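Q: Hi! Could you walk me through this structure? I'd like to begin with one spot and then zoom out.
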Amino acid sequence: MVLSATARDLLTDRISRLGDTPGATIDADTHITDLESLRPDFAERMAATPDYFHGRPISAELLLNEMAMAGVDMALVWQNPSATAYGDDRQQDYAALLAANAYVFESSSRFPGKLLPAGWTDPKALGVDLARQLIDVCVEEFGFPVVKMNPAQNAFPIDSEAVLACVDRIVELGAVPAFHYGADTEFTPPEGFASVAARHPAQMIIGVHMGGGGAGYVEAEQHAQASRKMINDLGNVFFIESAKRDTHIESDFICAVENGSWRRTAVGSDAPYGRMTWNFGGSKAMLASLSEGSAHTDPRLESGAVVVTREVVGGFLGDNIRALMIEACRSVLDTAS
Ligand SMILES: [Zn+2]
């Protein structure tokens, strides 16, 4: 593998910046869009109403404004899939997704202390060959230490051959595979995610939404429970708490402390699909209440069986994803050398 000089510099710079910022609050799931080259239907909808609609795009600058309001120091950023226009031509779809990734790259280069860039590929729309080609660009040219796929949005199973071929390439480059992992469709079941994780047991794999992901309360119940069990059973899964019901997020926090897996969980907003002020305001208040122990209504805290320390709180709010990103950047550099 051949890392570009730019990618090498960015990865090295990121490791040093992240190493210097213990205790930083980091949003582990945000999506940005180049509003200057917005697809026409989104531009029309945005012009028609100031109200929210699903996936309403935000630029890097708007994300920074949101971070300031929410008390968030850094954000992991990837493209916004609903704003990326696909047609029926694989080369054109490749160009569209490449442009979306390039905007993430340029934005993180403009705000290196604020934005942690991550890539996105899509074996369904692009086909396996172009999807793998895009992985190479994301890691080798842009220096992204994480590459994500969304089987739910594109309606392909998480453990299909095409997806596994992409996972294998991401891992070969030393980067971390990430998935939309939710109960909102049948394409990302817990068994599917677990089988992808088991394929590369020495490699961390990120499950964004930890079984939530816009699913209804009742539908998400089993997914949430299976995910709490999975993080205990599989040492190489890392979950991001975004687009998920608050009650399950709290149970996840408590269980992760109880079973010792808490360093593999991080808070995210899923902005613009979720509000950063809400997710971080709520998570900070929730974690403060968990730290109060015996005053909490959960029997595990009330009895003192689970103790939520300041270190744990800092981990959920930023230090865990910070450590994972440092490790991922190092792994890409080591694999290339
Ligand atoms: Zn997201």
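A: Happy to! This is a predicted model. Ser 269 is a buried residue: 29 other C-beta atoms lie within 10 Å, and 20 or more is the cut-off for being buried.

Q: Where does Ser 269 lie?
A: Ser 269 is in the loop between strand S9 (265–267) and helix H12 (276–291).

Q: And which residues does Ser 269 touch?
A: Leaving out residues up to four places away in sequence, its contacts include Asp 27, Asp 29, Thr 30 and Ser 242, as well as Asn 279 and Phe 280. Ala 28 is 241 residues away along the chain, yet the C-alpha atoms of Ser 269 and Ala 28 are separated by 7.4 Å.

Q: Switching to sheets: what is the order of the strands in the open sheet of three?
A: The order is S1-S2-S3, with parallel pairing. Strands S1 (26–32) and S3 (115–117) are at the edges with a single partner strand each, so one side of each has no neighbour in the sheet. From one strand to the next, the twist averages 35°.

Q: How many bridges join S1 to S2?
A: Five bridges join them. Ile 32 stands opposite Gln 79 in S2.

Q: Which helices pack on that sheet?
A: Helix H3 (residues 60–70) does, touching S1, S2 and S3, with its direction at about 150° to that of S1. Helix H4 (residues 90–110) also touches S1, S2 and S3, and its direction makes about 155° with that of S2.

Q: Zooming out, how many helices and strands are in the chain?
A: There are 14 helices and nine strands. Buried residues make up 51% of the 337 residues.

Notes
Residues numbered from 1 in each chain as written. Predicted model: local features only at pLDDT ≥ 70, side-chain atom pairs only at ≥ 80, totals over all residues. Helix = DSSP H or I, 4+ residues; strand = E, 2+ residues; numbered from the N terminus. Buried ≥ 20, exposed ≤ 12 C-beta atoms within 10 Å, placed from the backbone. Contact = placed C-beta atoms within 7 Å. Pairing = 2+ DSSP bridges. Axes fitted to C-alpha atoms, helices over the stretch in contact; angles between N-to-C directions.
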